Amino acid sequence: MNCQPKDRSTFPNRCSVPEEWYQENVTIGECSVQMKNGTEEPCSEWIYDTTYYGNTIVTDWSLVCGQRWMRALSQSILMFGVLCGAMILGPLADKYGRLKILYFSCVMQAIFGVLAAFCHHYIPFFIIKWVLGVFGGAGAYMTGFVLTMEMVGRKHRTAMGFGFQALFAFGAVAVAIWGYFIRNWKTLQLVYGLHSIILLGHWWLVDESVGWLYSQGRKDEAKAILEKSLKVNKMEAEVKEGEMETLFTAPKETQSYGLLDLLKTPRMRLRTINMCFNWFSNSLVYYGLLLNTDTLLSGNPYLMLALVASADLPSYIFSPYLVDRFGRRSITSIFMLIGGGACIMAAFTPKDTATGSAIVISLVVLGKLLIAGSFAIIYNYTAEMYPTVVRTSAIGGGAMCARLSSTLTPWISLLDSFDPKLPSVIFGSVALLSGFLTLFLPETLNKPMPQTMEEGEEYGRGDTAFSLGKNRSKSTIPTEDP
């Protein structure tokens, strides 16, 4: 069954059969043909709907029907790479510095992003996707975020953190725009890979984290970078004696810390478990909505992707004000509770009418907007909650949990073959549970970031949403930000 019928457009995603079969009393399905004698013949080749898509890895490698699971595997491999990168590169950035790991990751992302366009078989393509997950999703993105947060003072942390996240949304919209104009996947992948070249200037444009240098006892290098920034900002280009100590707590020890140190003390252990589940939940719902736009929404897939991706932007605009006004904990919890509820409501809303479809689109966009906000907050929230000596490891641990859930997301999406509502109900339920547990985390608004492990363990003692002001740790931030 490999002959093409004359009119391809009227048989989207169906078996390719000899033309004369269309005159016979046979039933042509997506994965098999029901013969007149009652037997069923599996497909060996397919006719694909080219209304929106040209050559893709699905059409080139026939990842449909019995091979549909390989599409989920492809996405899971990418996210598993991010998980591995968080485990490996997070501690390395804490040990050897943010800038070195960031730049090496940018170089690797550029190289393998281009190489992916020249794959002729899915096995090397999947291997390259894993490498891109390690160095792109974890090494460049995660380390870049930590470096960004440590570059600025407390007053600008929120704006910089959300600005960093907003560029992710612009990138997702760019993916949709490029995909609309370029219908060949190899050319499209080459274009995506070449975008990474702009990252190669970071070595000359970006300085090492002053906070990390100071935590390692390299005070002279930290002082030199501070004086450089003062000069660029046309301020007195000299850091006077004692001023460094107003910015950072002097390190009491020079030993290196890693991911396991987050679990060694009781308060930090409970906080880490809660925070990791928060990362897990945000990622599960975020990518569940992003990767299933074609299932949840009907219409042009590029337009739907751009719509869902751009839904992040209002959240990044208004969330900084909200978290600086009402706190990280409460806004994160509210966003997750409402976002999870919207996800479940979308699953049970009929979309076979124009009104129903509009309601589903509104619910999906609302859920994506709120989850994008809570996902962005959790980066800032984690960075503010953990001490400098393990900050990258903490964000790396959170990213590991996030990528674990995003690795599971494609497989959960396959459950729609049992019940179309099941994936969305799972995504929404997890978000509701995590939104409630967030209320037990300490608030970080207007509090200095801890520097040492001892400060990290005592941070937020007795501070939950249910403590009603009793036994909450008091802020020691000065009136003027140093």
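**Whole protein.** Begin with the entire model, which is predicted. In cartoon view, the secondary structure amounts to 19 helices and five strands. Of the 482 residues, 50% are buried. Among contacts with a separation of 6 or more, 73% join residues 24 or more positions apart.

**Helices H5 and H6.** Next, select residues 154-181 (H5) and residues 185-194 (H6). Their axes come within 10 Å and cross at roughly 145°, and the crossing is right-handed. Display the side chains at the contact: H5 contributes Val 175, Trp 178 and Gly 179, while H6 contributes Leu 188, Val 191 and Tyr 192. Five of these contact residues are nonpolar, one is polar and none is charged.

**The largest nonpolar core.** Now select Met 275, Trp 279, Tyr 316 and Phe 375, the residues with the most contacts inside the largest nonpolar core, a set of 65 residues. Colour helix H16 (residues 354-385) separately; this helix provides the largest share of the core, 14 residues.

**Around Trp 279.** Which residues is Trp 279 in contact with, leaving aside its neighbours within four places in sequence? They include Phe 375, Ile 378, Tyr 379 and Thr 382, as well as Ile 395, Gly 398 and Cys 401.

**The second core.** Finally, select Tyr 48, Ile 57, Ala 116 and Phe 126, which are among the 17 residues of a second, separate core.

Terms used:
Residues numbered from 1 in each chain as written. Predicted model: local features only at pLDDT ≥ 70, side-chain atom pairs only at ≥ 80, totals over all residues. Heavy atoms only, no water. Helix = DSSP H or I, 4+ residues; strand = E, 2+ residues; numbered from the N terminus. Buried < 20%, exposed > 50% of the residue type's maximum accessible area, 1.4 Å probe, protein only. Contact = heavy atoms within 4.5 Å. Axes fitted to C-alpha atoms, helices over the stretch in contact; angles between N-to-C directions. Left-handed = near helix turned anticlockwise from the far one by under 90°. Nonpolar A, V, L, I, M, F, W, Y, C, P; charged D, E, K, R; others polar. Core = buried A, V, L, I, M, F, W, Y, C linked by side-chain atoms within 4.5 Å.
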